[in-house]
Structures are given as C-alpha cells and as structure tokens.
Amino acid sequence: MSNIFPKSANRLPLQIVIYLFVVGGIATAAVDYYMTPKYTRVGYTPVQPVPFSHALHAGQLGIDCRYCHSNVERSGHSNIPTAQTCMNCHSQVKATSPLLAVVKHSYETGEPVPWVWIHQTPDYVYFNHAIHVNRGVSCVECHGRVDQMDVVTHAKPLSMGFCLDCHRDPQDHLRPNSQVTNLAWQAPSAEAQTKMGAQFVHDWNVRPPQSCSGCHR
Amino acid sequence: MKRKIDHPAPSARELSGPKYWRGLEELTDSPGFKARLEREFPDGASTLDGVDRRQFMKIMAAGFALGGAGLAGCRRPEANILPFGKSVEGAIPGLPLYYATAMPLRRMALPLLAETHQGRPTKLEGNPGYAPLGGVCSLAAQASLLELYDPDRATAHTAAGARLDDAALKDRLGAIGRAHAAGAGLAFLAETSSSPTRARLVAGLRAKFPKAIWAEYEPVTDEPPVAVAQAVLGGALRPLYRFAKAKRILSLDCDFLSAEAGSLTYARDYAAGRRVTSRDDAMNRLYAVESNLTLTGSMADHRLRLASSHLLAFAGALAAQVTGDKSFAALAQGLDVKPEWIAECANDLAANKGESLVIAGAHLPAAVHAVAYAINAALGNLGRTVEFVDAAPSGAASLTDLAAAIRAGSVQTLVILGGNPAYNAPADLDWPALQKSVGEVVRLGYYVDETSALAQVHVTAAHYLESWGDGRTLDGTVVPIQPMILPLFGGLTEIEVLARIAGEAETDPYKLVYETIAGPAGANGAAVFRRFLHDGWLADSASPTLPANFDSAALARLLGSAMAVPAFSKANLEVRFVADHKVDDGRFANNGWLQECPDPMTKLAWDNAILVSPRLAKELGIDPQASMLQVARKDEQDFIKGQEQAHMAELMIGGRKILAPLHIQVGLSNYTVIVPLGYGRAMNGRICQGIGFNGYALRTAGAPNIAAGGTLALTGERRAMADTQWHWSMEGREIVREANYSEYQENPAFVKELGM
C-alpha cells in the first residue's frame, strides 16, 4: 500500500492547515475591507442634477451651512433647501445662467429638484441631526470638509463602528456651539480638545447611548 | 409556554375576601381553564394554517433563485431627496405639526388635536386645551384616522354609474334647487348634527323651500328625549349631568360611561367623584339597574339585573319611596324586585339630597325619563347635579314621516346626506323599495354602500379630516373642524352640498364656517376666527344653564293610566337593540383597527353575537342537565383552537327572523336578549363584508330600542367566533386588590400589603 501515497503526502495535513489559514485570512481581510462602508460608501460621488458647488458657496463665499440647511438645529432631518432658498440670491445673481434652469423650473412649477441622496443611513438606524449639532458635534465629523468639495462626496464611512467611536469617547469630538458650522475649526492641541470636550460632556449632560435601542429603535 | 413567576402564598385576608375571576371557568377551576392557563396564546394561534413546510421551502427557493439571478441586491439603489419648490410656511421636514380639529358624531363633536407629518394626518388625540375633556379621546375618534386612508372609500362622483366631473356635479346640485319652486316635491334626509353652520344653512333652505321636507334620522339614540323635558319641565331642555358633584348615583339602564352621548365627560367626572387620594376624600356610590351587562354596570357598587321593560315599574317603586307620593306605586304593580333593594337605594339617595343623581338610559321610554326627573326634583338635584341647557329643537321630520310622504307620491327628488337608511332604517318601512320608488335620489356618502347602490347620483363625501366645518360639544361649546389635507378624491362636505342646492351666493365651506363664527363678532371677526382655529374652541360659547321647574301635573298626564308589567319568559323574550362597541351603528364597520378591538364585555372581535343569559341558554336546550354555572362556562368542546364554537339560533319577532350565533353572557336579565347592531353589511368593503349578522332586519319603527315577543330556537349548527377572553390569563396573583372605603380609611396603604 505504501506506493499509493508518495512520501511527500506525510506533510499534507500541515499544508492543508497552513493553506486554510492563509485563505481564511485573505477572505477575512477582503470582507473586512471590501464589504464594509469604508469601501462601499466612502467616495460615493453621484452626479447631481444641478452642478452646485459647496466649495464656492460655503468655502469661498462663506455662507453658513444653516442658511440653506435651515432646520438642522430643530429637526431630526437636516432639510435640503427648497428652490425658493436658491432663488433668494439667484433671482439677482447669475439669474440667466443655463446651469440654474432646473432650479428655476422647480421654483416656477413646484416640481422638486431630484437631488441624489448621498449620506443615506439605513432605515433601521435612527439618527437625529438636531440633537448632535446642538451638543457641539460639528457637521465635519460625519460629512468631512464639504466646504472644500466641488461635488459632494461621501467622506466618512458612517458605519456602526464609526458612530460608536464617538459615542464612547464624545470628549474628543465636541466643540463650542459657535464653531459647529465652522468646518475648518480645530482645537489648539489634542490635550486642549480633550479637556474642553470633557467640560462640555459635563456641562451639557452629554450621555450618548451605546445600547442597541439607542439607534435601532 | 409562559414564564412562570412564583408569588408568595396569599394572606388570610385575601383568601377570606371576595374573589375575582375573569370567567366562570376560573371560578370553577375547570380542566379547560387549567390547560389554557399554561399557554400565553390559545392553541393554534402561532401556526400557519394552509401552508405546509414543503410548499414554504419551494416558494423560498424560487425567491432566492429569482433574486440571486439578477443580483439585484448588489447594485446601490439610487435614492433622491425631493425638496419643495417653494417653502411651506410653518413646515419643518421631519417635525410634525399639530392642528385643532373635531370629530362630529351624531349631536356631539369631540375636540381633537391632529398630528400631521408633511401634510398627512397620522395621529389623533383629544385637544388638551379644552378643559372639560382635558385631552381625552374616544375609541372611535382614535380609529377614525384609518378611514381617511381606507382604500374602499368612494373615489368618484357618479350619475347612473358614469363618472361625473366636478363642474357637472355642481351644476346638477344647483339644478335640483332650481327645478323645485318653493321646494315642492323636494325632500332631504340627513343625520343629526351639532353644526351651527348647518343649522344656519338649513334655516335658509327651509325659508327658501317652505314646501320641502327636511327629515333627520339616527338609528341609535344616545340622548334623552327632548319631548319629555318639554312636557314635564316646561321647555326644550337638554340635561347636563354633573357626576363630579354627585355622591350617590342611580343608573336606570344607562351606560353613561360608554354608550351615552357625552360619555367621555361623564366618565371623567364620575372618576373624579370616585377617586380617593387621602383618608379624608369622600367617594361616590353607584347603583345600576340594567338588563345588559355594561361598562357602567361593571363599575357599580350595587347592581340589579332587570328587564328594560320593567324599569318604569322600578322607577315608579323608587319614586313612591323617595317622593312619598303613593300614586307612583301604581306603576310598580307586579314588579319582581326585592323591596329591600329599592328601600335601601331610596334611603341612600334621600340621605344625600342635592348631591345625588338619577339618570335614565336614552333608549328607555319617555315615561321612565319623566319619572327620573320627578325623583331628581324630589331629591333637590335639579339645578345642582342635573343642570339644563337649551336643546333648540331641530323641527325636523322623522324618517317615518318622510316614508309616508314618499308613499303618498309627493317626493320627486330625495337628497340623502350621509346616514345609510337602506341598511339601518326600520325593517317595517321597507326603505330600499321606498327609495327606489322616488324619481331621483342624490346621495352624499363616504362609501358606495347599500344606500348609494340604490341612488341615481352618488356624491363622494369628504372625510372630516378633509373638511371645513363646526360642531358643538356636550356643553354647547362651538369647536372647529379643520381640514388636515385637501380632499383626496374631491369629496364634498355636507354644508357645501346644502349651500349649492339652496343656491347660496357663497358655497365655499371655509367661508360658510367663517361667516357663522366671525359674522356675529363684527369688525373683530377675523381675530375671533383665528383664535377659534388656534385654540380649537370658541371662547364663551357654552350654552348657558337654564332653570327647570318640575311640573307634577304634567307628569301625571304623561304617565296616563298605569300599564301592567310585562312578564317575560322563553316564549316571550325582551329584545334589546344596542350599538356595537366597535362599529357603533355600523358606520365604522369597514375600520380594521376597530374590528380588532375586542368588545369590552364579551371579548368578541370581528363579529357580533346575540347575548343570552345562562338561564335562557339552559332552557333553550344548551346542556339542559347541567348547572347554571356549567352552562355559562365555555369548556373545551365549546372552545377549539382559541375559537368559541357558538350555537347558531334563529331569533324571531313579529314574523321577522334572523340567524345568528349565541354568546352566553352572565349578568344579563334572565329573558332579555341583546342584539348588537352594525354588522352583516351588504356593502362591498374588504373589512366589513361577510362578518356578523344584521340586527336591523328585526327592528321596527314602533319599537326601535326595546321589543317584546321574541323567540329563539337553536338550529343545531355551530359557528367559530374570535373570543379573546382567555388571552394572557394568569394565576396566583389577584387581578383586583380591594378593600371597603371604611377599611381604606383605617389603613390607606392596604394595596401594598396585598398579593406582594
């Protein structure tokens, strides 16, 4: 019987174990990278019906986020501005630009501008904008430097781990309320941030939920 | 299997005190009860009937194959955010808006606060700003929201089956008014209403069409008759009962906690008089005499079963003791009630003069109401616990008058505003045939129901959440009905239809209501109207209370000669027609939320049944050898897979008969059978179709509420009914912890010491 299996077959069990470890490791790493929001969502930059540039409006012109997203401090849903909000300025500025045709049409007929939804939390996640921005969580924490984007792109993963990082250590992410919409703002040093953040956590009674039902309600 | 929790053994006090049970099975500790106790839900509740495992796997496999082949899940779905073109005032995406409105029902409107999301009403609660109700809301009002979105509601105006567009319909309505000079040959049939705007329009209509007939019909009575007050109190008065001030209350077959108009106010006031929070608080006492087992009866300290037809005799016997006037005793000849019960009750009432209250059920004959007023007058309650407001008689003709006019051929055009006479009119009028004999019938209806099926023109009605209107609460306060959304299917409101037929210059319902409210305020009108809409009621619009003087000579005339107390038996049953707890008189029959709510007493859902007493059931031949307790309890053979196996029976009165299931209910008067109305609809609705039986088929115009001479016969068949009586039953823990008032005063903390 000994001539059926060559001598090298003696090493097979070990080879199989090593092989499984390598393949398993690659598979785990691949799933971890390619199947999480870090890969699937970050970088999503759909073409919008209107070539609106946040870099121009919020960056160069310095319009506050809340001029357009006017109810973000009151409502769980941060509103997309109505065409009327655009027309506040654009009835005077670049009033005849063909790039604004869609907005003008919407203003005149009431038909909505079909903006493509980028930062889309799943239906099983509850997220409230107002409670975050009123407690010193800046827009930039989740949306990135929108004031530098010509076309808005999905900058942060917004995965469950991403949320929990902040919910576990809120002091590293809180800033004075006056600086929430100032996306360029940074604390002078990491120590200063932690010290100030801890003060806010105490003063504002910040207790971010870490239980399942905090968000999956 | 439920989680079991061990409780400490009951104390001696609990073992010796009164024992509470959810049903006779529990009382007798029957084997069926023991088995059910082990389960959270009845046998079979969690299995899927009609689908086997193999078929399930097949469908699932096919689903995976279809889904996987296209890899539909691998592409990112592109979603859009659609903002408004122009900003909407006050609307913040993601936050609800609240508006004050009201739900009209018969002669009463219930003030509500409606929650809307992006222009869609989603939730109704009572208006918390309206102090007399403090934000309470009725079952029907909560569920009425679903009817707005009911896919079965009428979606188009039609004439002879063909769709009628908006302009054509409005022309047609205007033409009705122009075609009948002075209203000759024109008749209206409407529901009762508390709307001041409708009253104003009807007054204008009658002035313009003096020969037209204006009739009103409600199948269910929930208010005491004004005619009695007119006869014995000398004015068109409506009583307002002040339960909060009453220390002793006697209910004469009156379910004032749930069925009577104003029951929300009454329940709140009654609870206020009942609640004790400290040793010194007084507590009211409730006596209930009733034929049905009602919510009021279940709250009573002393309850007496008595046929509704015997209540005049009971009231007479009580009046004889309270007033000392022996002429009342003649009414009580042949009454079979323990004299001590009446004597004790009379003494208790008399010991609390001015702080007691006697209330008679709206369905009872005029004489009982008159005697109840006499007792209240003798006790000095008039003006104290029983106050009166102006009832403003509508002057409307009755359905019987209208039927006579149709039979005489003097009606060419009939306009039916709401209601549903083809379903709920008294059987002896034979309304469907009458309606067909009229040349032109125009029906304003929310559903294409039994009545609209027989009408030439169907006008789609707007839901009250789509309408401008107004109404009055129990105390007469005017409340607004505001639309939360534009009519989904272009429905019209009753006041718009009336204004168009009358050829009014103004037909817009908003402006009609504005005129009613702001008109009297003159220059200040716009501000008054804004405030009215904002608050949800009109300040200082409650009806002023009026003095009432009891006239005993008029009472004697009204009572006439004493009638003999009828004797009931198996061969001569008393039949009572009552509104169903879920679907009222049938108007809410297509509401799945209401159907799903079990009746509070019988625990039946999605169905109605004739209620009979255990004694009658035994005499009918249901288990004739067994004891009364055994007849009444529903054992294994009567309860299969959580469904009550009800005996089918034929109920016959005066040659009319219906086939219906029987539900044996303890606490009924021995020979009274209860027929809940509102089911057995012939309308094409996916909820209401094919469930229950139609009790209206037995009702006559002469005896709409209480009829005598009924007979029941079992057919031997059984029918399964959904009965939730034993859901979530538990053992080893008292349902109710109880002590007497005197014991409470000795030890206010008794509750904490019981059963824990």
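**View 1. The hairpin of strands 2 and 3 in chain B**. Two residues separate strand 2 of chain B from strand 3 of chain B in this hairpin, and Arg106(B) in the turn has a positive phi of about 50°. Strands here are DSSP runs of E, at least two residues long, numbered from the N terminus. The model is predicted: local features need pLDDT of at least 70, side-chain atom pairs count only at pLDDT 80 or more, and totals for chains, interfaces and linings use all residues. Residues are numbered from 1 along each chain as its sequence is written, with chains lettered from A and ligands numbered from 1 in the order in which they are written. Strand 2 covers residues 97-105 of chain B and runs antiparallel to strand 3, joined by nine bridges. Strands pair if DSSP finds at least two bridges between them. Tyr99(B) has Ala114(B) as its bridge partner in strand 3.

**View 2. Strand 3 of chain B with strand 4**. Six bridges link these antiparallel strands; strand 4 spans residues 120-126 of chain B. Leu113(B) is bridged to Glu125(B) in strand 4. Two residues lie between the strands of this hairpin, where Gln118(B) takes a positive phi near 50°. Strand 3, residues 108-117 of chain B, is mostly covered, with seven of its 10 residues buried. Buried means 20 or more other C-beta atoms within 10 Å of the residue's own, with C-beta atoms placed from the backbone.

**View 3. The surroundings of Leu252(B)**. Beyond its neighbours within four places in sequence, Leu252(B) contacts residues including Val289(B), Leu311(B), Ile359(B) and Leu364(B). Contact means C-beta atoms, placed from the backbone, within 7 Å.

Terms used. Two residues are in contact if their C-beta atoms, placed from the backbone, lie within 7 Å. A residue is buried if 20 or more other C-beta atoms lie within 10 Å of its own, exposed if 12 or fewer, and partly exposed in between; C-beta atoms are placed from the backbone. Helices (H or I, at least four residues) and strands (E, at least two) are DSSP runs, numbered from the N terminus.
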